[in-house]
Amino acid sequence: MFSEYDVIVVGAGHAGCEAAAAAANLGSRTLLVTMNMQTIAQMSCNPAMGGIAKGQIVREIDAMGGYSGIVTDLSTIQFRMLNRSKGPAMWSPRAQNDRMLFHLKWREMLENTKNLDFYQDMVKGLLIKENRCLGVVTGLGHEIRAKAVVLTNGTFLNGIVHIGEKNFGGGRMAEKAATGITEQLVSLGFESDRLKTGTPPRIDGRSLDYSKMEEQPGDEEVVGFSFTDTTKPKEQRSCWISYTNQKVHDILKTGFDRSPMFAGRIDGVGPRYCPSIEDKINRFAERERHQLFVEPEGWSTVEIYINGFSTSLPEEVQYEALRSIPGFENVKMFRPGYAIEYDYFPPTQLDYSLETKLISNLFFAGQINGTTGYEEAACQGLIAGINAHQKTKEDTPLILKRSDAYIGVLIDDLISKGTQEPYRMFTSRAEFRTLLRQDNADLRLTDLSYKMGLASQQRMDNVTAKKKDVAAIKTILKDLSIEPAEINHWFTELNSSPINEKQKAQKILLRPDVELKDFAEAVPKLKIALAAFSKESIEQASIQIKYDVYIEREKELVQRMSHLEELEIPEKFDYKKISSLGNEAREKLTRIKPRTLGQASRISGINPSDVQILMVYMGR
């Protein structure tokens with residue numbers, strides 16, 4: 001029934017979809033196996049993409065030829081660029097999406113991808129021989145062979161759903177859990193553990209009184225995520241803001257004795273940065289209220305997602321608490337919130353390529369590695385799919401450094417430090433965030449992906465043209481002189497100091513209160529000079545000029561630190577024979593097996609003196 005594939009991807013969540021698309025687009029004959037074809041790219045929790053640091057990841061995925069950015073733009077119902085009041089290193093795009101349209105667009109794009117087949121079944125085990133993965137075994141008993149396998153099981157591995165004192169097996173509400181894989185991998189020597197996540201109740205938007213809430217509209221300009229000419233929405237739907245209060249908190253507390261989290265029925269650790277509402281009122285007892293975002297689930301549905309109200313308390317407690325939120329007095333609940341507990345495999349068991357160290361040709365991506373969030377999963381899927389293809393061709397894997405992309409930061413954090421709680425990306429995790437902006441993801445990554453054969457010729461042509469235009473704009477600003485009479489009237493409006501003699505446009509742009517687009521509107525000859533260029537190119541040139549000192553400083557820092565990244569440690573290096581290393585350092589270095597001294601320096605518990613000892617011992 002099945003011939004041998006190059007790559008099999010298990011699971012069709014965000015990681016699985018990106019992995020399958022990447023492997024297939026690179027030319028591998030790929031099979032995507034999912035338990036339910038109707039839930040491909042399901043937005044299991046919040047119907048939104050992007051946000052702080054997460055938006056940068058989606059832009060990076062798109063720059064490399066992944067699908068997440070395009071699908072997001074095609075299903076956006078509201079767009080906001082977060083942190084606009086801060087420097088561009090902090091700007092983060094975020095979209096509210098139509099949940100059903102997101103799934104449909106993903107499936108449509110996958111079905112139009114060459115080399116990609118689908119099969120609906122549960123994968124219950126792997127075909128392993130001599131520490132090599134040779135394929136999968138399905139619930140229906142099929143043995144499907146492949147040169148590489150990517151596991152993206154999400155929250156389905158031995159998943160348990162918790163609502164109050166009730167619990168039952170499941171990977172999501174109304175979907176069965178996946179069994180067999182964890183047990184087999186543990187028998188092969190893998191370490192596994194449990195994590196927990198949760199989701200809020202879904203409610204009927206017709207039962208809400210929006211006059212008691214704060215409206216949160218989208219941006220006037222929808223920048224979007226994709227660097228392609230993907231259609232952006234002409235209209236947007238508003239979100240709304242409400243707040244909990246002491247009465248809500250008191251009602252929630254009546255269910256604490258039946259909470260699976262407080263009663264110890266959940267072993268897994270939950271996400272630190274997205275806690276349940278019961279966890280929030282318990283940990284932050286001094287807070288009188290907590291903010292809630294009331295978010296539509298799509299263009300043509302009344303279903304509402306309550307961001308900030310994740311809970312696993314009994315249904316009746318959830319319902320009574322909701323009714324005490326302003327605007328929710330007559331609320332109708334579609335389904336209660338719940339927690340889900342599932343298996344994951346500490347990611348220190350992986351190489352940078354996301355291939356497992358114990359079993360060759362086997363790759364992990366997404367929540368199986370301990371991450372949380374669609375974006376974190378999707379970027380791992382992209383890298384795992386690329387490297388699974390590379391492995392089948394015996395080619396060099398794609399490894400992104402911390403200075404290349406947020407994706408590189410995420411993977412390095414996971415395999416060097418591991419995680420004992422669901423890992424979420426933040427801008428603060430990236431030490432080179434001035435270089436890793438959302439606006440320049442294409443300039444950083446498209447060429448690299450194009451050379452591998454993933455990013456299209458059109459994407460590469462767009463980047464080449466953008467670089468040429470940015471250089472031309474910078475030359476114009478460097479050469480164009482502005483007379484005092486042409487600019488001082490505008491400076492008066494800005495409450496900015498006037499100039500007494502002519503200055504180059506570039507120097508004027510360095511003023512903190514001057515933005516290039518407004519500058520051009522104020523000076524007609526500058527507006528004419530820039531008329532032929534796109535908004536994106538003008539913004540890029542402006543950022544490069546205004547933040548040149550900071551950008552160059554970070555580039556110098558990258559250069560200084562790169563020597564550690566270039567000092568490779570032999571794969572079978574014996575740390576136990578270095579008596580001057582402490583016990584903790586020897587144990588962690590032996591377990592993680594860092595590839596370079598740079599990676600070794602980032603392992604939790606390894607201090608600078610340990611790195612110096614390694615350098616001396618290796619004759620460096």
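A: Helices here are DSSP runs of H or I with at least four residues, strands are runs of E with at least two, and both are numbered from the N terminus. The model is predicted, so local features require pLDDT of at least 70 and side-chain atom pairs pLDDT 80 or more, whereas totals for chains, interfaces and linings use all residues. Residues are numbered from 1 along each chain as its sequence is written, and side-chain values rest on heavy atoms, without hydrogens or water.

Two packed helices are described by the angle between their axes and the distance between the axes. Axes are lines fitted to C-alpha atoms, for helices over the stretch in contact, and angles between N-to-C directions run from 0 to 180 degrees.

The contact (heavy atoms within 4.5 Å) joins Lys54, Ile57, Val58 and Ile61 of α2 to Glu375, Glu376, Ala378, Cys379 and Leu382 of α9. These residues comprise 6 nonpolar, no polar and 3 charged. Ala, Val, Leu, Ile, Met, Phe, Trp, Tyr, Cys and Pro count as nonpolar, Asp, Glu, Lys and Arg as charged, and the others, Gly among them, as polar.

Helix α2 also meets α11 (441-452), with axes that come within 8 Å and cross at roughly 35 degrees. This crossing is right-handed. Arg59, Glu60 and Ala63 of α2 touch Ala441, Asp442, Arg444, Leu445 and Thr446 of α11, giving a contact of 3 nonpolar, 1 polar and 4 charged residues.

Both helices, with α12 (457-479), α15 (516-522) and α17 (535-546), each supply at least two lining residues of the second largest pocket. On a 1 Å grid over the protein atoms alone, a pocket is an open set of points where a 1.4 Å probe fits, with protein on both sides within 12 Å along at least five of seven lines, and lining residues have an atom within 4 Å of a point. The pocket holds about 1400 Å³, the space filled by probe spheres set on the points, which are joined across faces, edges and corners. Of its 48 lining residues, Glu221, Lys535, Glu536, Ser537 and Glu539 are the closest to the centre.

Definitions and conventions. Left-handed = near helix turned anticlockwise from the far one by under 90°.
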